[in-house]
Amino acid sequence: MPRLLLNTIALDPNRWTADKTPHFALCDLLLPIAEAGFRGLEVWQHHVAREDDRAVAALRRQADDLGLDFPVVGLYPTLHHEGEAERQAFDTARRVLDHARRLGASVVKLFVGSKGTAETTEAEYARSLTFVQALCEEARTRHLTLTGETHPDTLFDTLSATRRFLQDVGAENFKVCFQPYDFTDTPRAVADYAALREQVLHVHLQGRKDDGLSLLAAADLDYDILLKALARHHFDGFLCLEFVAGCVVPDPAVFDLAHVLETAQQDRDFVLSLAAKHALALSL
């Protein structure tokens, strides 16, 4: 049965800072999240990557007590490095996989590198391919599936690039996290999803209107049509509220967690209503 998740990246204003040190510790977010009625979470990498094993185990116990779980953990590796930088990147990725297992996740969502296809040299592509193939094997031994996010400035930055890299990696546990390439073009979003649907395990949702964040109900992208397409193709993975209205602020000091959770609740209720309308058996 498909599930609707909330991404903890929406709840941290430091998501785009250089060092990405979280403004909120994940342990301090879990109670407000549970009180807002959410149950499943996609965890931003930096909410767990700096924690030790004991702290991650404590997060799992706290979540269990609150009726929460962590089906997905996010990962944002640089794939094309070589030498010591490559080793460090792989060690970090492996550590995130270990934490994902401790949290009880089944999926690790990753950015497929940090450079777009057109800017990636043949040598960088080859190193990126080797990195992801090795990471898929590490994930397999931990009973995890990796999902690459369709996103600009990565090796999943176009439909053709996504298909090529999936084929080149050739791993059964390497799937797709689908996010529309253009949040103003509903027909293209539906067509791209349909083209990738056999590999899509995970879908990111965010409301965008006039180059800013909005409620899903007011977004330029028609989520009614997209949810109808998901239902028609019998989608059976994770839908995730990635960003929500109010979560981007000019200064962390003015970030209003209660307000952001309220807009997330509005998006959640909207998605659940669309799922019911189109007979998509979506649970929390």
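**Entry 1, ground rules.** I am working from a predicted model, in which local features need pLDDT of at least 70 and side-chain atom pairs count only at pLDDT 80 or more, while totals for chains, interfaces and linings use all residues. Residues are numbered from 1 along each chain as its sequence is written, and side-chain values use heavy atoms, with hydrogens and water left out.

I then asked which strands pair with β4, counting a pair where DSSP finds at least two bridges. Strand β3 (residues 69-75) pairs with β4 in the parallel sense over four bridges, and Val-72 stands opposite Val-107. Strand β5 (residues 145-149) also runs parallel to β4, joined by four bridges, with Gly-148 of β5 opposite Leu-110. From β4 the chain crosses through helix α4 (residues 122-141) to β5 in a right-handed β-α-β crossover, and β3, helix α3 (residues 83-103) and β4 likewise make a right-handed β-α-β unit. Right-handed is used in the sense that, with the strands pointing away from the viewer, the path from the first strand over the helix to the second runs clockwise.

In α1 (residues 26-35) I noted Leu-26, Leu-29, Leu-30, Ile-33 and Ala-34 as buried. Seen down the helix axis, the buried residues of α1 fall within an arc of 130°, so they line one face; the arc is taken over the directions from the axis to the C-beta atoms. Asp-28 and Glu-35 are exposed on the face of α1 turned away from that buried side.

Lys-20, in the loop between β1 (3-7) and α1, has a positive phi of about 55° although it is not a glycine, and at 27% relative accessibility Lys-20 counts as partly exposed. Ala-279, in the segment after α8 (257-277), is also not a glycine and has a positive phi of about 60°; its relative accessible area of 72% makes it exposed.

On a 1 Å grid over the protein atoms alone, I took a cavity as a set of points where a 1.4 Å probe fits but cannot get out, and a pocket as an open set with protein on both sides within 12 Å along at least five of seven lines, with lining residues having an atom within 4 Å of a point. Points are joined across faces, edges and corners, and a volume is the space filled by probe spheres set on them.

The largest pocket has a volume of about 370 Å³, and of the 25 residues that line it, the closest to its centre are His-151, Gln-179, Gln-206, Arg-208 and Phe-243. Strands β7 (200-209) and β9 (238-243) are the elements that give two or more residues to this lining, and β7 gives the most, with three.

Technical notes: Buried means under 20% relative accessible area, exposed over 50%, partly exposed in between (1.4 Å probe, protein chains only).
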